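The sequence and the structure are shown first.

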Amino acid sequence: MRSVRVWRALLGVEKTVVESVEFDEGDDGDGGGQLVAHVRATRTARGRCGVCRRRCGRYDAGEGRRRWRALDAGTIRVFVQADAPRVRCAEHGVVVAHVPWARHGAGHTLAFDETVAWLVTQCSKSAVTELMRIAWRTVGAIIARVWADVEALGDRLDGLRRIGIDEISYKRHHRYLTVVVDHDSGRLVWAAPGRDRATLRTFFELLGSDRCAAISHVSADQADWIAEIVAECCPAAVQCADPFHVVKWATEALDEVRRAAWNEARRSGQTRGKGYRNRVATGDARRFKTARYALWKNPDNLTERQRDKLAWIAKTNPRLHRAYLLKEGLRYVFTVKGDAGKVALDRWLSWARRCRIPAFVHLAQRITPIRGKIHATLDHGLSNALIESVNTKIRLLTRLAFGFRSAEALIALAMLSLAGHRPVLPGRPDPRISQ
Ligand SMILES: [Zn+2]
């Protein structure tokens, strides 16, 4: 009796009878052999539909015995092996029977899945794939099914008051996700593939009319389709301009000025090497090219070298330096907030209109019509820092998710990491339950 419990614990399985365990010397790719545990589901867990788990009659033996990868024991791989008969469910037809140690259709045990989901929110891509000895694509498939189970547990949309809506590009900008962030908790609330009216409407339908009515503020970039759907679904909500995007526009305008300075220096011959491709920027051209980060970063985060670079820019290219000050001026508006922010915004607008730098004159024209929405942001003190950090994290995740096959895997990665539903390691108490 005792050894059965030990084996269950070692394999990380429940409702499972361990019949025998053998050591298979066969090559597993690492030359270490593997442990194979022959198991069957306990009587109560047997003869159930793999999809809905309702009891149903056996159909046939399916494809016979099969293996599921379990957590390693020490340095060797472990597999669970069992029959995988098919059953006939009144609702789902002929399907492979439910097994208590793995998700339906999965090739890994539940404990293996949970461990991968926990690791992916804690360490690097290479740490996960090397430790677990699986491909990154497999990681994507695993976290997608783990997240699907978390989602099935119930509604996570209660208590939303102030939300931010954003579109995030992935797969080298060919595909988009629409994401919703909670301004009060800084958590990612919802994400779905697509960026259009229908996608966003799905979110508000999920929220339902009562909770839509409780939404007091919605911030977004200035896409018309977002404003339209928000006005339709949450007519009472104040629409605000997302500071994150407004500051991003300023950064883009600044970059336009920097590129012009760089090209000018290049044209004046500050390059070496033959041909178009091999040409290397030298002197000022090189310095403008590498000044990007010094210009983008918040002044508080500059390294000493970047500070020197800024001082050099102030001396050699006053126009680029002015563009830098304009970018910082707009950021300042959102730092001071409230009435002081509004005054700063008006001062900034009149400065930008007269600055004679086309990129910023254009930016002033773009910002003037949404002045009201920016005022709403400043009045209600929506924290840019919180949203900016969530946005930055999601964008980093989209890069990390590059090898995943589906948008679901990317969404799972984002939700598991940023939605306040961090996975728990198998066999450990769930800290969320005691709360
Ligand atoms: Zn069923």
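Which helices do the buried residues of H4 pack against?

## Helix H4 and its neighbours

The buried residues of H4 pack against helix H2 (110-120), helix H3 (125-132) and helix H16 (407-418). The model is a predicted one, in which local features need pLDDT of at least 70, side-chain atom pairs count only at pLDDT 80 or more, and totals for chains, interfaces and linings use all residues. Residues are numbered from 1 along each chain as its sequence is written.

Among the buried residues of H4 are Val139, Ile142, Ile143 and Trp147, a residue being buried if 20 or more other C-beta atoms, placed from the backbone, lie within 10 Å of its own. Helix H4 itself (residues 136-152) reaches 25 Å from its first C-alpha to its last, close to the 24 Å expected at 1.5 Å a residue. Just after H4, Gly154 takes a positive phi of about 150°.

## H2 against H3

The axes of H2 and H3 come within 9 Å and cross at roughly 155°, and the two helices are therefore roughly antiparallel to each other (angles over 145 degrees). Their contact is made by Val116, Leu119 and Val120 of H2 and Val128, Leu131 and Met132 of H3, with C-beta atoms within 7 Å counting as contact.

## H11 against H12

Helix H11 (residues 318-336) packs on helix H12 (residues 338-353) at an angle of about 160°, with their axes 7 Å apart, which makes H11 roughly antiparallel to H12. Residues in the contact include Leu326, Leu330 and Phe334 of H11 and Ala344, Trp348 and Trp351 of H12.

Technical notes:
Axes fitted to C-alpha atoms, helices over the stretch in contact; angles between N-to-C directions. Helix = DSSP H or I, 4+ residues; strand = E, 2+ residues; numbered from the N terminus. Parallel < 35°, antiparallel > 145°, perpendicular 65-115°, else oblique. Contact = placed C-beta atoms within 7 Å. Expected span 1.5 Å × (residues − 1). Buried ≥ 20, exposed ≤ 12 C-beta atoms within 10 Å, placed from the backbone.
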